[in-house]
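Hello,

I am passing a structure on to you, and I hope you enjoy looking through it. Have a look first, and then read on for what turned up.

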Amino acid sequence: MKTLQVSVVTPDGPVYDADAQMVSTKAQSGDLGVLPGHIPMVAPLEIGSVRVKKDGSTEFIAVSGGLLEVRPDKVTILAQSAEKADNIDLARAKAAAARAEKRLQDKSDHVDARRAELSLRRAINRISLAEKKF
Amino acid sequence: MASLRDIKTRITSTKKTSQITKAMEMVSAAKWNRAVQNAKAFQPYMDKIQEVAASVAAGSKGVNHPMLVSRPIKKTGYLVITSDRGLAGAYNSSVLRHVFQTIKQRHKSQDEYAIIAAGRVGRDFFVKRGINVELEIVGLPDQPSFADITDITGPTVGMFSDGTFDELYMYYNHYVSAIQQDVTERKLLPLTDIAPTGKMVSYEFEPSAEDILEVLLPQYAESLIFGAILDGKASEHAARMSAMKSATDNAKELINSLSLQFNRARQAAITQEITEIVGGAAALE
């Protein structure tokens, strides 16, 4: 059976590397599934999860946006940060969510609402992935 | 000649200093190791993003993104990466001297440039000379993660996009080896020199090349800054390590020559005492 080499790399180092049968994720233009033999493609990603199907099991990786690069035998995800679902620190994610919410409610000028919203979305994404596991 | 006690005091204090520099050397060696590892871990990401950026930029001729276009230059930004603390040999001074001279050569008036300072030493240097420091980041950890530096990369790239700067240069110490670090100048923005990497692939763009560039280019520019900071950190720890090593060596040398002086002075005192006793005994006979 044909497989795809999937790797997730971040500035802080590679996060994930494996051979898989299918990768699906959410791009900015919609949900996207990649099977082996896909034509070369580049797509920007949403903050969300990457599902990697291999040998009957599915692995989840939380990514904070970034890019998806597809080659016929290879998928590379370039994200500014990414974590495997079982490595997510739930307590830290919850703290980050609470902090971001507080910043959003604070209506004073020095708060960058867009950044706070983005960090809230990243935190919620991590929490939902971590909780799905347990 | 200094008295026995004076020399003794100097020996003791030099010994104490050498203990401290020795400890600092070992701490820096450990940090240097980690910093080099971090820089290595970052490399696959940089290679990949470079490859994709080159392919996309080459494959989308006719598509223009503001970050790719050279504008008429009204104001230049200089991103200068230094350390927060001193005692790192020529690490900071060589970068700062280089930047200062470049600025003097290129610009006539203060309005033509501004500094973005990463590191306390660099910031203090420019503030003291009355040069406009637009943005500063101090207190970076020794092993910065990407999240730590988004405070500087985001706004820096933003300042180019909103027209504060029309071009942006980056200065840092490039790490060559434990004993060699070179001051490097790199033009960061506009991205006119995305080097083709050889294995170009023609991609399908989803949804379009413009949208990809919109995401890719800021991320690419930020990665370049992060790479320079990691490189700078590796250089910083290497520079501090060798500075502390030579300080320890110098202290040892000093202790040796002081001990020699001390022994001579002690021997001279003993000889003098004996002469006095012999002289006294001879006078009695």
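Let me begin with how the two chains meet. Chain A and chain B bury about 2,100 Å² between them, and carbon and sulfur atoms account for 66% of that area. On the chain A side, the residues that lose the most area to chain B are P11(A), V42(A) and Q80(A), which together make up 27% of what that side buries. Please keep in mind as you read that this is a predicted model.

In terms of contacts, 25 residues of chain A touch 27 residues of chain B. Two salt bridges are counted between chain A and chain B. One of the salt bridges you can look up joins K48(B) to E69(A), with the closest N and O atoms 3.1 Å apart. The interface of chain A and chain B also has eight residue pairs in polar contact, both residues being at pLDDT 80 or more.

Which strands of chain A supply at least two residues each to the side that touches chain B? They are β1 (4–10), β2 (13–20), β5, β7 (67–71) and β8 (74–78). Sorted by class, that side of chain A holds 13 nonpolar, seven polar and five charged residues.

Next, chain A on its own. Chain A is divided into domain 1, covering 4–85, and domain 2, covering 90–130. Taken over C-alpha atoms, the centres of domain 1 and domain 2 of chain A are separated by 24 Å. Eleven residues of domain 1 of chain A are in contact with seven residues of domain 2 of chain A. Between them, domain 1 and domain 2 of chain A bury about 700 Å², with 66% of it from carbon and sulfur atoms. In domain 1 of chain A, the most area is lost to domain 2 of chain A by I47(A), A62(A) and E83(A), together 57% of what that side buries.

The two domains of chain A are also linked by polar groups. The rule finds two salt bridges across the interface of domain 1 and domain 2 of chain A. E46(A) forms a salt bridge with R121(A), where the closest N and O atoms are 3.3 Å apart. Between domain 1 and domain 2 of chain A, four residue pairs are in polar contact, both at pLDDT 80 or more. On the domain 1 side that touches domain 2 of chain A, β5 (41–54) and β6 (57–64) of chain A each supply at least two residues. β6(A) gives the most to that side, with five residues. The residues of that side of domain 1 of chain A are six nonpolar, three polar and two charged.

Finally, some backbone details to look at. Most residues other than glycine have a negative phi, and most peptide bonds are trans. D55(A), in the loop between β5 and β6 of chain A, has a positive phi near 45°. D55(A) is exposed, with a relative accessible area of 66%. L87(B) also has a positive phi, near 55°, and lies in the loop between β1 (76–81) and α2 (91–106) of chain B. L87(B) counts as exposed, at 57% relative accessibility. As for peptide bonds, the one from L189(B) to P190(B) is cis, with omega near -5°. P190(B) is in the loop between β5 (180–189) and β6 (204–205) of chain B.

Terms used:
Residues are numbered from 1 along each chain as its sequence is written. Chains are lettered from A and ligands numbered from 1 in the order in which they are written. This is a predicted model: local features need pLDDT of at least 70, side-chain atom pairs count only at pLDDT 80 or more; totals for chains, interfaces and linings use all residues. Side-chain values use heavy atoms; hydrogens and water are left out. Domain bounds come from an automatic or database domain assignment. Contact means heavy atoms within 4.5 Å. Buried area is the accessible area (1.4 Å probe) that two parts lose on being put together, summed over both. A salt bridge is a side-chain nitrogen of Lys or Arg within 4 Å of a carboxyl oxygen of Asp or Glu. A polar contact is a pair of N or O atoms within 3.5 Å; within protein, one must be able to donate a hydrogen and the other to accept it, and residues adjacent in sequence count only if both atoms are side-chain atoms. Helices (H or I, at least four residues) and strands (E, at least two) are DSSP runs, numbered from the N terminus. Ala, Val, Leu, Ile, Met, Phe, Trp, Tyr, Cys and Pro count as nonpolar, Asp, Glu, Lys and Arg as charged, and the others, Gly among them, as polar. Buried means under 20% relative accessible area, exposed over 50%, partly exposed in between (1.4 Å probe, protein chains only).
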